[in-house]
Amino acid sequence: MVRMDHGGRSAREEAMASPAPRNATRRAGPAGRRALLLLELATFLISGGSAMAQSPMQGLDSLPGARPIMRPDTDPYPFDAYQSIKTYMRDNLPQGWWAPDPFLQDGVFSVKVFVPDSWSGNPSGAMLRLCPPPDSHLWRRLKAIDLYPFYRHATWPYVTCRP
């Protein structure tokens, strides 16, 4: 026997009409959670999966402004002389030696090389061994590099490296 409220709906009809609360899966037991998960999976599969699977694949060419316009005379990989010299010096300096960033002086890139006081020898002669080899990628864009040795609190005569 169904009891009618003054609103015209039975309590059972009211319960059936109200949406499930957000935490309904917490209230349901393991079997209820499993059933809800299977229901969501079936809905996903019936609807055809994701929207990406339904639409044809599009490349970046079809998107407006997605690919930058390159002029044919522009080099896509510009040469950064500062970074190239810095990387070369970092990779080729002996242990304990160091050099700050290169600087441009009178149109020639220059590097000040700090030689440790414990080292013995002619620092200007040692700079000759630090020059990049003739087949180095640096010589494709540079004509010369000046190396200034700084040894025992003094700047020694510089060496100009050329290909």
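This report walks through the fold, strand pairing and side-chain contacts of the structure above.

## About the model

The model is predicted, so to speak of local features a pLDDT of at least 70 is needed, side-chain atom pairs count only at pLDDT 80 or more, and totals for chains, interfaces and linings use all residues. Residues are numbered from 1 along each chain as its sequence is written, and side-chain values use heavy atoms, with hydrogens and water left out.

## Overall layout

Let's begin with the whole chain. The protein has 6 helices and 5 strands; these are DSSP runs numbered from the N terminus, with helices being H or I of at least four residues and strands being E of at least two. Read from the N terminus, the order is α-α-α-α-α-β-β-α-β-β-β.

Of the 163 residues, 21% count as buried. Here buried stands for under 20% relative accessible area, exposed for over 50%, and partly exposed for anything in between, using a 1.4 Å probe and protein chains only. Among the contacts with a separation of 6 or more, 47% come from residues 24 or more positions apart; a contact is a case of heavy atoms within 4.5 Å.

## Strands and their pairing

Strands 1 and 2 run antiparallel and are joined by 3 bridges, where pairing calls for at least two DSSP bridges between the strands.

Strand 2 (residues 108–115) is mostly covered, with 6 of its 8 residues buried.

## Aromatic pairs

Now to the rings. The whole structure holds 8 aromatic pairs. The rings of Phe, Tyr and Trp (its six-membered ring) pair if their centres lie within 6.5 Å, and planes under 30 degrees apart count as stacked, over 60 as edge-to-face and the rest as tilted. One of the pairs is Tyr148 with Tyr158: the centres are 5.0 Å apart and the planes are at 35 degrees, so this pair is tilted. Tyr148 sits in strand 3 (residues 145–151) and Tyr158 in the loop between strand 4 (154–155) and strand 5 (159–161), so the pair ties together parts that are 10 residues apart in sequence. Tyr148 is buried at 16% relative accessibility, whereas Tyr158 is partly exposed at 46%.

Tyr151 and Trp156 form another tilted pair, at 5.8 Å centre to centre and with 55 degrees between the planes. Tyr151 is buried, at 4% relative accessible area, while Trp156 is partly exposed at 31%. Both belong to a cluster in which ring pairs link Trp97, Trp119, Tyr151 and Trp156.

## The disulfide

The search of the whole structure finds 1 disulfide, defined as a pair of cysteine sulfur atoms within 2.5 Å. Cys131 and Cys161 are its partners, with an S to S distance of 1.9 Å. The torsion about their S-S bond is about -70 degrees, so the disulfide is left-handed. Cys131 lies in the loop between helix 6 (123–130) and strand 3, and Cys161 in strand 5, so the link ties together parts that are 30 residues apart in sequence. Cys131 is buried at 17% relative accessible area, and Cys161 is buried at 1%.

## Salt bridges

The count comes to 2 salt bridges, each needing a side-chain nitrogen of Lys or Arg within 4 Å of a carboxyl oxygen of Asp or Glu. In one, Lys86 meets Asp101 at 3.2 Å, N to O. Lys86 lies in helix 5 (residues 81–92) and Asp101 in the loop between helix 5 and strand 1 (103–105), so the pair ties together parts that are 15 residues apart in sequence. Lys86 is partly exposed at 38%, and Asp101 is partly exposed at 47%.

Arg90 and Asp91 also meet in a salt bridge, at 3.5 Å, N to O. Arg90 is exposed, with a relative accessible area of 58%, and Asp91 is exposed at 52%.
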